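Me: I'd like a close look at a single part of this model: the sheet and its surroundings. Please spell out the cut-offs behind each term as you go.

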Amino acid sequence: MRNKVKLLFEYIIVILLISTVIEGIYLILVRKHVFSHAKLSVVISIICSAILMLFANRFIKYLSNVRYLKSSLSKIDKMSGEEFEIYLMKYFEKMKYRVELTPLSNDYGADLICRKNDEVLVVQAKRYEGKVGNAAIQQVVAARDYYEADSCMVVTNSYFTKNAYSLAEANDVLLWDRDDIEKNIKG
């Protein structure tokens, strides 16, 4: 949906830009007596179109952020793993982190690398139906070392096993389950 809206806005902007350029060319070629006004008209139209495109892109990004961050837990439960990573990316960007999504495979245990000031946080996103176990904790600990991060966390739309909580505590891993999503992101 987001890509369709963005594409629509871009088409509208391109059409406006092309129409203003055509109008300027028409004025230059057909109505030579308004030559100086036509040049000015084209330049102003191009500048206005560029500004409009910039604001349209920012507006689309804003709408995308709002849409993701206002997702209910039932919608989050229906997201793909990749969509859940994007959801978390939007949250951390809102919290003023610079966020990098890692590749879908060979990510060394981190789905997001979040940077703020000199702090580096690696995040493992687990969009699960069952409880998240030790493997996720082991993966994010490995990612913390690999990416030389200061801290790490695992975020799930589900819950963690007791063993996962024990392993996380022993390795200084922050865990967020669906209740934490409700409290920290949605709250």
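This is a predicted model: local features need pLDDT of at least 70, side-chain atom pairs count only at pLDDT 80 or more; totals for chains, interfaces and linings use all residues.

Reply: Happy to. Let's begin where β1 meets β2: these strands pair in the antiparallel sense over four bridges. Two strands are said to pair if DSSP finds at least two bridges between them. Helices (H or I, at least four residues) and strands (E, at least two) are DSSP runs, numbered from the N terminus. Within this pairing, Val99 has Cys114 of β2 as its bridge partner.

Residues are numbered from 1 along each chain as its sequence is written, and side-chain values use heavy atoms, with hydrogens and water left out.

Moving on, β2 also pairs with β3 in the antiparallel sense, this time over five bridges. Arg115 stands opposite Val120 in β3. The two strands form a hairpin with two residues between them, and Asn117 in the turn has a positive phi of about 55°.

Seen as a whole, the sheet is open, with five strands in the order β1-β2-β3-β4-β5 and mixed pairing. Its edge strands, each pairing on one side only, are β1 (98–101) and β5 (174–176). On average, neighbouring strands are turned by 20° against each other, direction ignored. At the β5 end, three bridges join β4 (residues 151–156) to β5, and these two run parallel. There Val155 stands opposite Trp176 in β5.

Now for the helices on this sheet. Helix α4 (residues 81–94) packs on it, touching β1, β2 (112–116), β3 (119–126), β4 and β5, and its direction makes about 150° with that of β3. Contact here means heavy atoms within 4.5 Å. Helix α5 lies across β3, β4 and β5, running at about 155° to β3. For these angles, axes are lines fitted to C-alpha atoms, for helices over the stretch in contact, and the angles run from 0 to 180 degrees between N-to-C directions.

Helix α5 (residues 134–146) has a partner too: its axis and that of α6 (residues 162–170) come within 8 Å and cross at roughly 20°. The two helices are therefore roughly parallel to each other; angles under 35 degrees count as roughly parallel, over 145 as roughly antiparallel, 65 to 115 as roughly perpendicular and the rest as oblique. Asn134, Ile137 and Gln138 make the contact from α5, and Asn163, Ala164, Leu167 and Ala168 from α6. By type, the contact residues are four nonpolar, three polar and no charged. Here Ala, Val, Leu, Ile, Met, Phe, Trp, Tyr, Cys and Pro count as nonpolar, Asp, Glu, Lys and Arg as charged, and the others, Gly among them, as polar.

The structure holds eight aromatic pairs. In the pair Phe84 and Tyr87, the ring centres are 6.2 Å apart and the planes at 10°, so the pair is stacked. Rings of Phe, Tyr and Trp (its six-membered ring) pair if their centres lie within 6.5 Å; planes under 30 degrees apart count as stacked, over 60 as edge-to-face and the rest as tilted. Because Phe84 and Tyr87 are three residues apart in α4, about one helical turn separates them. Phe84 is buried at a relative accessible area of 0%, and Tyr87 counts as buried at 0% as well. Buried means under 20% relative accessible area, exposed over 50%, and partly exposed in between (1.4 Å probe, protein chains only). Phe92 and Tyr97 form an edge-to-face pair, 5.6 Å centre to centre with 85° between the planes, and both residues are buried. Tyr91, Phe92, Tyr97 and Trp176 form one aromatic cluster; Trp176 is the residue opposite Val155.

Lys96 lies in the loop between α4 and β1 and has a positive phi of about 75° although it is not a glycine. Lys96 is exposed, with a relative accessible area of 66%. Leaving aside neighbours within four places in sequence, Lys96 is in contact with Arg115 and Lys116. Lys96 and Asn117 are 21 residues apart in sequence and 9.6 Å apart in space, C-alpha to C-alpha. Asp172 sits in the loop between α6 and β5, also not a glycine, with a positive phi of about 55°. Asp172 is exposed at a relative accessible area of 63%.
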